[in-house]
Amino acid sequence: MRNRFLISTALCAAFASAPVFADTTVDEERNDGIRTSTINDGAPDNLIIGSNGRVSITTDNGGTGPAVTVDSDNTFANGGTIEDTTGNDGATGVLVNGGTTGGITNNGRIAVTGALVNNDEDGDGDNDGPFANASDRAGILIVGPGAFIGDVLNTSNGVIDVVGNNSAGIRLLTMIDGNLTSLGTISVTGENSYGIDLGGGLSGDFVVDGNIATIGPGSSGIRIRSDVGGAFVVAGQVNSTAYRYAGNVPDNFKNLLDEDDTLISGSAVTVGSNIANGIFLAGSEYTGDSTTASIASATTAPAFWIAPELGNGNDIVIGNVFLGADPDVEGSEDITFNYGFVNRGVISGDGRFDGFNSTALRISGSMIDNVLRTTTIEGGVLNENLISARANEAEARSVEIGNGATLAVFENSGGIRATATGQNSSSVGLIILAGANVPIIRNASNFFVENFGVGSATAIVDQSNTVGLIENTGLIFSTVGSLSTEVQSDPDGTASSSPVSVVNRTAIDVSRSTIDVTFRQLLPDEIAREGSGQVRGDIRFGSGNDFADIQGGLVEGDIYFGDGADRLSITGNAAVVGAINDSDGDLDIFVENGQLELQNTSSVNIRQATFNDGSRLVFEVDTLDENSRFITASETVTFNEGSTVTASLANLIGDGAEYIVLEASNLVINSAIDSLQDANAPYLYNTTLARDASNPNQLVLTLRRKTTDELGMHENRAAAYDAAFTAWSENDRLGAAFASLSNSTDFFEAYDQLLPEYAASAIQFAVASNDSAIGALSSRLDSARRSPDGTGGIWVQEFGYFADREQTSFGPGYRGQGVGIAGGVDRPMGPFYAVGVNFVGAASEIEESNGVDQPMTALTGQLGVYGGVDFGGAFAGEFYAGAGVDSFETERRVLIGVFDQTSIADWTGYHYAASARFARDFEMGRWYARPSLSVDYLRLYESAYSETGGGAGIDLIVDDRESSTFSSTASFTVGGLYGSPSSWWSPQMRVGYRNDFSGDPMITNARFAGYNNEFSFRSEDLPGSGFIVGFALQAGSDYSTFSFDYDADLRDGFVRHTARLVLRLVF
């Protein structure tokens, strides 16, 4: 369709810019009005205003308007400029008399201005008073008495600018036998004015594929108040507002606004008469983004409003959408929809200021002279893109179907969105008021209704008592940010005596219905978007024989059945989670291959229930008193083979409890009761299911808290369990998070997040840093010993390391990495070929293998002394001693479902280390072998610390702790020496075996902040021995030596890698 508009634009542009034989062209400036009846030397003719032409009516030139009058059977095309800047009432750019035949084309500019009011009376920086000071003005005005035969076209280059009250860009006051098309721009400023005012009837199509904007109280972009014989098509943008500010006003500026800054405009589009071939808002199907057509209002008036009061006061019929084929496009075909209103664009209403309601689409009848005039949308309404409304401290309604409106169906395959914020606010997706008639609602995409203030959110409301079927294959979401017990208004505006919390999160409300209503949810054959077939929010039925038929997907919210013989059916692997209520106890429940999770806070009385193969009945037991019944059935409740029953918890229940979850006049269990019990229960509790000993028609569910052995805890986990459970029980959000876990994997992933780091990872990374430094020192001493000149030097090394320990049955695994720098200075001294001092600085990041914490950071600084001695006979020794300080920081995150808290802490520590290494060289030409034996000792002390930020049951207080390691390593190195005494290089390979023969396990004593129950963890020792493999490449000259080394410590379940780069400068 858009191609058709563009082709029309191009043709009209060519027509307007190029003179045609026998037409009269004006290519100069005229300062007085001209007429088609006399334009050709007193004779009638087709009139063209060329690109250089101008008809200017101004106060200065004394010209009189209208600027152009079409008063003969001729065409008119404007490719230049038509302007009236006099500011006079009644000023008109182009006046067309009815009873003539021709065509009107604007491919240039028509401006009727001079009436704009710019007056800042109070000096606050914005205009005050009226928007305009002249009236009854028009860019193009077509009047009677007879019909005008021909098309009216504003091309894509066409611009119409009008300032005036009771004015219009294009105003039709007589019948047009043709099409009305606007592809360009129309701007109107003034009170009770219109971009296009169709008041005389139109035989053809009315098409808008440009921009129309009106600013002023009571003004609208488009007003249709007479019949349209074709289709009404919008593929561009239509906007209306009376606010003097185009965007959102900052809160700190709102108090500066005057009353005339927030006046109420009319709707962007109003329809008050018949449209034979329907209403079509063009664009792509729903993408979630704004597309071609856009209808928007910043006011309390609906953005798009259809009602008889907006036109001639007669009944309105909107026919099915029919878009005729374009004869200029080969292969173009007619397009027909079985709906009278089709939206593929965006319709949006925005109240913007506090207390201003908003509505995007309103369709209603009108009470005129005490007679209800009706609006009928043949085939109904189809939304394929977006209809949205926003309001603050007010009500936002996306779609309102009012008294006297009839729709065969309301169908949504796009988005319906309503957003409210602030106090006393409400948001409604679709509301069908009393007196309307809408028998069917279908949703295949998205109803998303949200309230971020204090108030209510309702996706679908029927107050007409006509909706018999609501079918959902998409999403119906109702969300609220705050709960309130204040008295609010119902969606129809009447006061509600109930607190808003009763209706604050409602997906579907048909509670006023007395007819039978069916809500059916299905999963589509092809799920276009993740999450199809879901309802979030309550469902409220009326007093008919209602049916909730859940054939797929999820319903999360309470379901309220009123009087009547009601039914709830759950099949197709669907799930219903929430409370079930029935006012008269006449409810039949059927579940097969589905789940019903009851979260009742009071007993529900039903008539009967049947649970077949694949059904799962879940009782959220802690929402109800132990002595109450979740379900009381006046007739039979049957559990057939393959059905299961289990418990869920909203929060912890201490050491356990016993609940009578069901009582029936006849309880039938057609399987062994052990097989009826579902093992997928809260993991913290053992559950048992049994008939009551004194009443076999009662079903009893017993929960008992598991011991640490039953939970499968190792010694460290078990140490904290009782203290942790006490803390969980006093933190509702944390307790609810643990109560929701139903398997060991999820439970221990959550539980381990609560425990401090106790695997002695800190010392292993201290060892890695120390090994790297000592390894670099060893390379330096080896190079110094092999150097032909006994000179001293300054050396520096960069090193990096990585360690990974697997999780064991005794504690969590960890992994991490670090980088550092070491340096030193040494000289020969006595029997030592090198004696020196060194420094080490390193930074490490350590994280649990399966955690969600930010990595623990550790910073280390160390000073030490070292020496190397040659005992003769190629036998040498190396010695080192050092001490340092440490700093640690953690961000321990606890993430369990929607529960998300983080504790932070920092603490300090210190360490000291010593090392001795002995080796002997065996030379074989260029090659040499070097066996060596070393011992290494490291002790780390960490101060006590307290966490903050996580809250009760999360923050820990950890006492100071110590850890140490004492190990020996035997290694064998093979290397070669190449080059000359002044420039040499040496490759090396080494293998070895390390044994940790002594070391204290780290004991971590901790308690939860605010509690005195202390618990202790013992770190698990690393495997006592493992292999060392590595290589090195060394090189030197008279001025420097260089070395790159790599080593790996390989043990069962543990690996540590270190790499070093050493540079030494000779002095």
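In which loop is the place of Thr514? Thr514 sits in the loop between strand 52 (505-509) and strand 53 (518-521), where strands are DSSP runs (E, at least two residues) and helices likewise (H or I, at least four), numbered from the N terminus. The model is predicted, so local features need pLDDT of at least 70 and side-chain atom pairs count only at pLDDT 80 or more, while totals for chains, interfaces and linings use all residues. Residues are numbered from 1 along each chain as its sequence is written, and side-chain values use heavy atoms, with hydrogens and water left out.

With a relative accessible area of 49%, Thr514 is partly exposed (buried is under 20%, exposed over 50%, partly exposed in between; 1.4 Å probe, protein chains only). Leaving aside residues up to four places away in sequence, Thr514 touches Asn465, Ser543 and Gly544 (contact: heavy atoms within 4.5 Å). Thr514 and Gly542 lie 28 residues apart in sequence, yet 5.9 Å apart in space, C-alpha to C-alpha.

Turning to a sheet, four strands form an open antiparallel arrangement in the order 80-81-85-86 (two strands pair if DSSP finds at least two bridges between them). Strand 80 (945-946) and strand 86 (1015-1018) are at the edges with a single partner strand each, so one side of each has no neighbour in the sheet. Strand 81 (residues 956-958) and strand 85 (residues 1003-1008) are joined by three bridges, and Leu956 has Phe1008 of strand 85 as its bridge partner.

Helix 5 packs on this sheet, touching strand 85 and strand 86. Among the buried residues of helix 5 are Tyr721, Phe725 and Trp728.

Methods
Axes fitted to C-alpha atoms, helices over the stretch in contact; angles between N-to-C directions.
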